[in-house]
Amino acid sequence: MAARSQAAGGGDRPARSAPSGAAPLGSTPLSGPPPGEEDVLARLRGVVDPELGDDIVDLGMVRGVEVSEEGDVRLEVALTIAGCPLRAQIERDVRGSVGAIPGVRSVALSIVQMDADQRAAVMARARWKAREHAPATAVPPRARVLAVASGKGGVGKSSVTVNLAVALACRGLTIGVLDADIGGFSVPRLLGMEGRLEARAGKMVPLERRITDGVLRVLSMGFLADEDRAVMWRGLLLGRAVQQFLQDAHWGDLDYLLVDLPPGTGDVQMGLARMLPRTEMLLVTTPPVAAQRVAARAADMARRGYLRVAGVLENMSDFTCEHGTTYALFGSGGGERLAAELGVPLVGSIPLHPDMAAAGDAGEPVALGEGELAAVFTDLARTVAEDIAPLVETSGCTARLLEAVADAVAGRVDGAQRRGAPAGAAGDR
Ligand SMILES: Nc1ncnc2c1ncn2[C@@H]1O[C@H](COP(=O)(O)OP(=O)(O)OP(=O)(O)O)[C@@H](O)[C@H]1O
Ligand SMILES: [Mg+2]
């Protein structure tokens, strides 16, 4: 496939090519003042990386555009691989496109190679773009999908996920919990759930736990991890676990799906972005500034994967001792600063509290209890359900229509998946 160059942000102009370096563009008179950086970028949106199938600006391949007062343009284009066979084409198209902008005297182009992280991000973005229409999953269209993420480990993602899930279930809702930490799963232990996943018609049936009027439906590698089962599921799951959890599972009707992500900014997040682009991220951070920076990186990755950041949760905030004195052991205000930096709400702050660890070990989430922490999670669930990610009113036409279409596509029998029907009920996929 050939690289193509299209005019952007202006009429069609012939693309002139220049040999190399800061090549002057010959004797063509300069017409008008030099362009702004935005004009250069706009024109470069017409240059497509033929392999990735998207324009080089959108793919984040163009950097450091500078235009001098004399109309000399300098810029850098980062290729996924420097020895890319399409390099010459892309180089020619960039020079041609920029050179054709009125007011440009010369174009100095340097081609560099992306590092592994940048390449991964670009590839993920390209994959996402290639799938404008995300594949069908077993997650019902009206379910809000919230992924709990952080840039680094041990900040409390899993604890927050399970307790928020429990507190939402206490509102009488049906909550899916997807433990996407494939290698380091902890959701089964935190929820005190044991068991083995059964398959029906080749699809996994989540394990259930009733919570007052609500219900949790949980999928985790922890339910597959004994030797025999692991062997049985290996072919199905390895490398594609999250995809399998989303597609090949009987989630049934859900109000929310909470996803407990592994630490970092890796493949699982990008896979989720590709499979369920409507996923919204809840970023967990601890008060110190360093943790915020890491969380900000996670947010950046989320954006590149087109995931919206719904809000920030500060965990391990102030510790109040038995005498009522409050200590900001890890500093304070970190969550608020990160939220402000990202322009998203601070959903809440969860205090550092020994009960959190004890409850986790006992498999009885603090959100089920009576104490101070339970109240914190009740508030958090209220904020999420009422402000941050309210459910779409199912009596509304659009939501009903969406459901009806999804049911029709899935071949479901009318009414087989109403709320309250057990996961995997008849007619359920
Ligand atoms: N608010 C809190 N107060 C006290 N201890 C907490 C609090 N939140 C989490 N912990 C404890 O911190 C530890 C790490 O929590 P958790 O496993 O939820 O973090 P994580 O971000 O999911 O970790 P990983 O990145 O390894 O998946 C656990 O022992 C947990 O009990
Ligand atoms: Mg975890």
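At roughly what angle do the axes of helix 4 and helix 12 cross? The answer is roughly 75°, with the two axes coming within 8 Å. Keep in mind that everything shown here comes from a predicted model.

**View 1. Helix 4 meets helix 12.** Helix 12 covers residues 372-388. Its axis and that of helix 4 cross at roughly 75°, and an angle from 65 to 115 degrees counts as roughly perpendicular. The two helices are therefore roughly perpendicular to each other. On the helix 4 side, look for Asn-163, Leu-164, Ala-167 and Leu-168. They meet Phe-377, Thr-378, Leu-380, Ala-381, Val-384 and Ala-385 in helix 12. Sorted by class, this contact has 8 nonpolar and 2 polar residues, and no charged ones.

**View 2. The surroundings of ligand 1.** Here we've zoomed in on ligand 1, which has 20 residues around it. The closest are Gly-153, Gly-156, Ser-158, Ser-159 and Ala-357. As for the kinds of residue, the shell has 11 polar, 7 nonpolar and 2 charged ones.

**View 3. Strand 7 and its partners.** Strands of a sheet pair through backbone hydrogen bonds, either parallel or antiparallel. Strand 7 (residues 144-149) pairs with strand 13 (residues 256-260) in the parallel sense, over 5 bridges. To find your place, look for Val-145, which stands opposite Leu-257 in strand 13. Ala-149 stands opposite Leu-283 in strand 14.

**View 4. Strand 14, largely enclosed.** Is strand 14 (residues 280-285) largely enclosed or left open by the rest of the structure? It's largely enclosed, because 5 of its 6 residues are buried. Strand 14 pairs with strand 15 in the parallel sense, this time over 6 bridges. One pair to look for is Leu-282 and its bridge partner in strand 15, Gly-311.

**View 5. Two residues with positive phi.** Most residues other than glycine have a negative phi. Ala-201 isn't a glycine, yet its phi is positive, near 50°. You'll find Ala-201 in the loop between strand 9 (198-200) and strand 10 (203-205). Ala-201 counts as exposed because it has 10 other C-beta atoms within 10 Å, and the cut-off for exposed is 12 or fewer. Met-316 has a positive phi too, of about 60°, but this residue lies in strand 15. Met-316 counts as buried because it has 24 C-beta neighbours inside 10 Å, where 20 or more are needed.

**View 6. Stepping back to the chain.** The chain has 13 helices and 18 strands. Of its 429 residues, 42% count as buried. Take the contacts between residues at least 6 apart in sequence, and 78% of them join residues at least 24 apart.

How values were computed
Residues are numbered from 1 along each chain as its sequence is written. Chains are lettered from A and ligands numbered from 1 in the order in which they are written. This is a predicted model: local features need pLDDT of at least 70, side-chain atom pairs count only at pLDDT 80 or more; totals for chains, interfaces and linings use all residues. A residue is near a molecule or strand if its C-beta atom, placed from the backbone, lies within 6 Å of it. Ala, Val, Leu, Ile, Met, Phe, Trp, Tyr, Cys and Pro count as nonpolar, Asp, Glu, Lys and Arg as charged, and the others, Gly among them, as polar. Axes are lines fitted to C-alpha atoms, for helices over the stretch in contact, and angles run from 0 to 180 degrees between N-to-C directions. Helices (H or I, at least four residues) and strands (E, at least two) are DSSP runs, numbered from the N terminus. Angles under 35 degrees count as roughly parallel, over 145 as roughly antiparallel, 65 to 115 as roughly perpendicular and the rest as oblique. Two residues are in contact if their C-beta atoms, placed from the backbone, lie within 7 Å. Two strands pair if DSSP finds at least two bridges between them.
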